[in-house]
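These are my notebook entries on a structure that I went through piece by piece. I wrote down what I looked up and how each term was defined.

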Amino acid sequence: MTSDPVKLQRILRYTFQNQELLKEALMHRSFATENNIAYDNQRLEFLGDAVLQIILTEYLFRRYPDFHEGDLTKLRSALANQDTLALLARDLDLGSALLLGRGEIETGGSLRDSTLSDAMEALMAAIMLDSSQENVREIFLGLLLNRYPNPADLLADLNPKGNLQEYTQQHLGCQPEYRILSISGPDHNPCFEIEVLINGKAVATGRANKRKLAESKAAKAALERIHQETNSLSGTQKNEKEETAV
């Protein structure tokens, strides 16, 4: 895979004055190790994490003046977590610009949530060092709000396992079960594939580099399926009533 920083900058609508900063932000430790380079993007990742926390804290504080501290904290966590950052990275096609070692390329490193979210943080830090925090704020919030016009909607998705359990207990009189289907990838960054079962029936799966996160993804997928099936059933019943009335 060939790194494509030109395309990335075009999508970002931001051109780095210092291209070496961009190169550092895109350099995974596997590439640095294989090429005997003394740096990678981990230091920028550390800085980017702090920068995004500040930007999100101020944004949420101003946008939701009626929210209590607890809800603001939960919402900030949802917007800065691995899932969200990886999603925004995919919107930028960031994976195609990463500098990865051969082993990472062969195991799908450019598609891995952890790799993409780390690179997203590093990229935002590089933009700040290259220009200003205000530029980072404009770029990051632009990406975020394109995905989530009303970020507060995410509060309903913060505990998918708890929400699924509440639903199954109330409507089906049972609890969901989670089963490991497979564990793949290197020991330092495994990929768990988890299946969620309801009344012994497989409903959905989830994948992540941590078991609990994979379970949460499976629960979220199950809730989405239940929601779709419920809406479909409601629509069918409505049509039948209308036909009967006619």
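**Core.** I looked up the largest nonpolar core, which has 49 residues; a nonpolar core is a set of buried Ala, Val, Leu, Ile, Met, Phe, Trp, Tyr and Cys residues joined through side-chain atoms within 4.5 Å. Buried stands for under 20% relative accessible area, exposed for over 50%, and partly exposed for what lies in between, with a 1.4 Å probe and protein chains only. Among the residues with the most contacts inside this core I noted Leu-8, Leu-94, Met-120 and Phe-140. The elements that give two or more residues to this core are α1 (5-12), α2 (19-26), α4 (42-63), α5 (69-80), α6 (82-91), α8 (113-130) and α9 (133-147), and the largest share, 10 residues, comes from α8. Helices (H or I, at least four residues) and strands (E, at least two) are DSSP runs, numbered from the N terminus.

I am working with a predicted model, in which local features need pLDDT of at least 70 and side-chain atom pairs count only at pLDDT 80 or more, while totals for chains, interfaces and linings use all residues. Residues are numbered from 1 along each chain as its sequence is written, and side-chain values use heavy atoms, with hydrogens and water left out.

**Leu-8.** Which residues is Leu-8 in contact with, leaving aside its neighbours within four places in sequence? I found Leu-22, Leu-26, Leu-92, Leu-94, Ala-97 and Leu-123, where contact means heavy atoms within 4.5 Å.

**Helix α6.** I then turned to Leu-87, which has its place in α6 and is partly exposed, with a relative accessible area of 23%. Not counting residues up to four places away in sequence, Leu-87 touches Arg-147 and Tyr-148. At the start of α6, a side-chain oxygen of Asn-81 reaches to within 3.2 Å of the backbone nitrogen of Asp-83, and just after the helix, Asp-93 takes a positive phi of about 55 degrees.

**Strands.** I looked up β1 (residues 177-184) and β2, which pair in the antiparallel sense over 7 bridges; two strands pair if DSSP finds at least two bridges between them. They form a hairpin with 6 residues between them, and Gly-185 in the turn has a positive phi of about 90 degrees. β2 also pairs with β3 (residues 201-208), in the antiparallel sense and over 7 bridges. The hairpin of β2 and β3 has 2 residues between the strands, and Asn-199 there takes a positive phi near 55 degrees. Within β2, Glu-193 stands opposite Ser-182, and its bridge partner in β3 is Arg-207, while Leu-197 has Ala-202 as its bridge partner in β3. Why is strand β2 largely enclosed by the rest of the structure? I noted that 7 of the 8 residues of β2 (residues 191-198) are buried, so the strand counts as largely enclosed.

**Cysteines.** How many disulfides does the structure hold? I found 0 disulfides, a disulfide being a pair of cysteine sulfur atoms within 2.5 Å. Cys-174 is buried, with a relative accessible area of 13%, whereas Cys-191 is partly exposed, with a relative accessible area of 26%.

Technical notes: Polar contact = N/O pair within 3.5 Å; in protein donor to acceptor, adjacent residues only side chain to side chain.
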